[in-house]
Amino acid sequence: MRAALYITVFGVLLAAAGCVRKETVPYDPPPFVTDPVFYAYCMANFDLNGDGYFAKSEAAQIKAVDLDNESGADADVASLAGIWYFTALQSLDVAGNSIAAMNIRANVELTLLECADNKLGELDISKNTLLTSLSCRGNADDMTIWVWQGFDPDAFSYYSVPDDAIVKVKE
């Protein structure tokens, strides 16, 4: 009887140990860059520590993004969601894509912005006071461009916007 009790207790302990066994599953965070073309570009160029993930801490170190698609490449970026994590970004070239909205207010280090030939109806550069080069022709003819107080396009080394663009100061 005693042996049967030991076997039963031992069996229960083994079963319980099997129930709480933990397996190590790697953490796979959802990408903060949601466009598949933009994400593939980031993985190919900016996985700085080589761990197979593109982290926000890596994005914060990037100074230039070149996703110019005007050469007729098959890859077409539709969204720049997550670009706001690129806080050291100085140069952004996304010409010739299908981008309809762009939130670059956190990219205050930008000096060059090339976003010509997209689908933008509005562009807010009011926080990008270091800009010296802006090209956004080929978007909506009547696009609205939000700028900062004291904005002077003559101070730019390059400034190209649609002829009928509406430039407004953002208060």
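Which side chain makes a polar contact with the side chain of Asp 124? I will come back to that after a few words on the model itself. What we have here is a predicted model, in which local features need pLDDT of at least 70 and side-chain atom pairs count only at pLDDT 80 or more, while totals for chains, interfaces and linings use all residues. Residues are numbered from 1 along each chain as its sequence is written, and side-chain values use heavy atoms, with hydrogens and water left out.

Let me start with the overall layout. The protein chain has three helices and eight strands, where helices (H or I, at least four residues) and strands (E, at least two) are DSSP runs numbered from the N terminus. Along the sequence, the pattern reads α-α-α-β-β-β-β-β-β-β-β. Of its 171 residues, 37% count as buried, buried being under 20% relative accessible area with a 1.4 Å probe and protein chains only.

Next, the sheet. Five strands form an open sheet in the order S1-S2-S3-S5-S7, with parallel pairing, and two strands are said to pair if DSSP finds at least two bridges between them. Strand S1 (64–66) and strand S7 (158–160) stand at the edges with a single partner strand each, so one side of each has no neighbour in the sheet. S1 pairs with strand S2 (residues 91–93) in the parallel sense over three bridges, and Asp 66 has Asp 93 in S2 as its bridge partner.

Now to the opening question. Asp 124 lies in strand S4 (residues 122–124), and because its relative accessibility is 6%, it counts as buried. Its side chain makes a polar contact of 2.6 Å with the side chain of Ser 126, a polar contact being a pair of N or O atoms within 3.5 Å, where, within protein, one must be able to donate a hydrogen and the other to accept it, and residues adjacent in sequence count only if both atoms are side-chain atoms. The side chains of Asp 124 and Lys 170 are also joined by a polar contact, at 2.9 Å. Leaving aside neighbours within four places in sequence, Asp 124 is in contact (heavy atoms within 4.5 Å) with Ile 104, Arg 105, Trp 146 and Lys 170.

Finally, Asp 35, which sits in the loop between helix H1 (2–19) and helix H2 (36–46) and counts as buried because its relative accessibility is 7%. A polar atom of the Asp 35 side chain lies 3.0 Å from the backbone nitrogen of Val 37. Beyond its neighbours within four places in sequence, Asp 35 is in contact with Val 77, Ala 78 and Ser 79, and the C-alpha atoms of Asp 35 and Ala 78 are separated by 6.7 Å, although the two are 43 residues apart along the chain.

Note on methods: Buried means under 20% relative accessible area, exposed over 50%, partly exposed in between (1.4 Å probe, protein chains only).
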